[in-house]
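Dear colleague,

I am handing over the structure below, together with some notes for someone who has not worked with it before. Please keep it open while you read on.

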Amino acid sequence: MAQVLPFRAIRPHQKAAADVAALPYDVYSRAEAKEAVKGHPLSFLNIDRPETQFPDDHDMYGKDVYAKANEMLEEERAEGIFIQDEQPCYYVYELTMDGRAQSGLVALSSIDDYLNGVCKKHENTVAKKEADRIHHVDTTSAQTGPIFLAYRAQEAIDALIAKAKKQTPIYDFTADDGVIHRVWIIKEEADIKALKDAFAQVPCTYIADGHHRAASAVKVGLKRRKEHSDYTGNEEFNYFLSVLFPDNQLKILDYNRFVKDLNGLDQDTFMNKLSKIFTITPSDQSHPTHKGQVKMYLDHRWYALDVKDAIAKVRDNDPVDRLDVALLQDEVLTPILGIKDPRTDERIHFVGGIRGLGELVKDVDQLPGSVAFAMYPTQISELLAVADAKRLMPPKSTWFEPKLRSGLFIHAFER
C-alpha cells in the first residue's frame, strides 16, 4: 500500500507565490530558460536552471552552477521570500485550464514504494538527464520540482479534498498562460490522519510525469542512506515530493509526429502502402475523433486514416500494442518511413498537442515532401494498464496539461 505523508513544506510567502511559481525546468532549452528569467528575479526557474546566472559558454553542469542554486535558495529563505510551515501538513493543489479543474494532494511519497513497485513507472530514464537533477537535489538538499503521480480515484480521498477546498486558499493566482492555481493547506490532526489512512488503502500510485525527477530523488535518497548508516527510514531523505491526482480528473493531450521526408518514396507509393493498413478518406483540419484513427497532413491536404479491423484485432491483445502511438510506430514509421528509433532519429520531430494542429500544417508547408500525423490522445486508463503490466510506453506517448508549477512547494532534507 502507498505511503503518502504530510511534510513541512518550504513555500513562498503568499504575496510572492505568483512571481515565484515557474513552469518545470525541462520544458525549456538553455537559451529559452535564460530568456524566460529576464526581468523575473523571483521566478523559481532561476534556481531550477542555475546556469541562467552564468555566461552562455559556462559549463551548465559545473559544480559551481549547482552551488549557485543552493546559494540563491538559501538567500531567498533568509530574505523571507520562502517560509516553512511549523508542523507537517498536506496541501491541496488545484489547477484550472480552459474551464477544466484538477485537484491533487501535495505530499511526500516513499522511495521504498518506488523501489518496490508500489509507485509504478511506464518509461525509462536517460542517465545524463538523471545526473543533472541528482546534482541539483544533492547540492541543495531539497527537491524543488514535484513528481506528478496518479492513483485510481477513491471516494474517501475525494471527500477529504473537497472538505479542504471549502476553506480560504493560501494561494490563488492566474499565471501568464491563463492557468489558475489555487492551494489549500490541511493541518488539522484529524484530517491529516484520515488522509494518511485513506492512502494506506491505495494499492499503488503511478508516475504520470516526472520520471527523471523521481529517479533522481530516489538515487539521492539512497546516497544519503549510505552516508547515514544508522538511518531509521523516517528521515526526510527517504521520501520525495509529489502531487497525487485521481485518475478521473486527468486529461492527456495528443502528442503528434512530424517526419521530414517519405523515406525515398513517391507520394503514390506511400499512399498505396498506407492503404494496406488504413482506410483512407479526405478530411478537414480536425483532431481524430476516436481511437484507431490518425489524421495525416500531406501535400497541403488532410486525410483520416482508420485502422483496418483485422490489424486492430491482432494488436488489441497487448496493452502496449493497442496504443495508437504504437500502431503508428510499428505499422508506418518503422516499416514504411524507416524510423527505427524515434528517440534518436533526426528525421522525426514530436509536437505537443498544446501547440495545435496549425503547428503541423506550418511544419509540413515549410518543408515540401514531409508529412505530419495528428494522434488520438492516449487515455489515462491505457497508461495505467501499461504500468500495471510492468511495460514501457513508446517514446512521446503522453502530453499532460496543465503543467505543475515549480517553487510552490519545496521538500528539504538532511545533509
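**Helix 12 and the cores**

In helix 12, the residues Asp324, Val325, Ala326, Leu327, Leu328, Gln329, Val332 and Leu333 are buried, where buried means under 20% relative accessible area, exposed over 50% and partly exposed in between, with a 1.4 Å probe and protein chains only. Helix 12 spans residues 324-333 and is mostly covered, since eight of its 10 residues are buried; helices (H or I, at least four residues) and strands (E, at least two) are DSSP runs, numbered from the N terminus.

Before going further, please note that this is a predicted model, in which local features need pLDDT of at least 70 and side-chain atom pairs count only at pLDDT 80 or more, while totals for chains, interfaces and linings use all residues. Residues are numbered from 1 along each chain as its sequence is written, and side-chain values use heavy atoms, with hydrogens and water left out.

The largest nonpolar core has 71 residues, and those with the most contacts inside it are Phe270, Met296, Leu337 and Phe373; such a core is a set of buried Ala, Val, Leu, Ile, Met, Phe, Trp, Tyr and Cys residues joined through side-chain atoms within 4.5 Å. Helix 12 gives the most to this core, with six residues. A second, separate core of 31 residues includes Ile111, Ile147, Ile186 and Ala215.

Leaving aside neighbours within four places in sequence, Phe270 is in contact (heavy atoms within 4.5 Å) with Leu262, Leu265, Met296, Leu298, Ile336, Leu337, Val371 and Phe373. Leu262 itself sits in the loop between strand 14 (255-259) and helix 10 (267-274), and Leu262 is buried because its relative accessible area is 9%. Although Leu262 and Gly369 are 107 residues apart in sequence, their C-alpha atoms are 6.6 Å apart in space, and Gly369 is among the residues that Leu262 touches, as are Gln267, Leu298 and Val371.

**Helices that pack together**

Two packed helices are described by the angle between their axes and the distance between the axes. Helix 6 (residues 127-140) and helix 9 (residues 211-227) pack at an angle of about 50°, with their axes 8 Å apart; here axes are lines fitted to C-alpha atoms, for helices over the stretch in contact, and angles run from 0 to 180 degrees between N-to-C directions.

Asp132 is buried, with a relative accessible area of 13%, and beyond four places in sequence Asp132 touches Tyr25, Tyr61 and Tyr66.

Ile47, in helix 3 (residues 45-48), counts as buried at 0% relative accessibility, and not counting residues up to four places away in sequence, Ile47 touches Ala69, Met72, Leu73, Glu76 and His136.

In helix 8 (residues 189-199), the buried residues are Asp191, Ile192, Leu195, Ala198 and Phe199. They cover an arc of only 130° around the axis, which puts them on the same side of helix 8; the arc is that of the directions from the helix axis to the C-beta atoms. The face turned away from this buried side carries the exposed residues Glu189, Ala190 and Lys193.

**Backbone points to check**

Most residues other than glycine have a negative phi, and most peptide bonds are trans. Against that background, a cis peptide bond joins Glu401 and Pro402, with omega about -5°, and Pro402 is in the loop between strand 20 (399-400) and strand 21 (411-412). Asp98 has a positive phi of about 55° although it is not a glycine, and Asp98 is exposed, with a relative accessible area of 77%. Lys390, also not a glycine, has a positive phi near 60° and counts as exposed at 78% relative accessibility.

With kind regards
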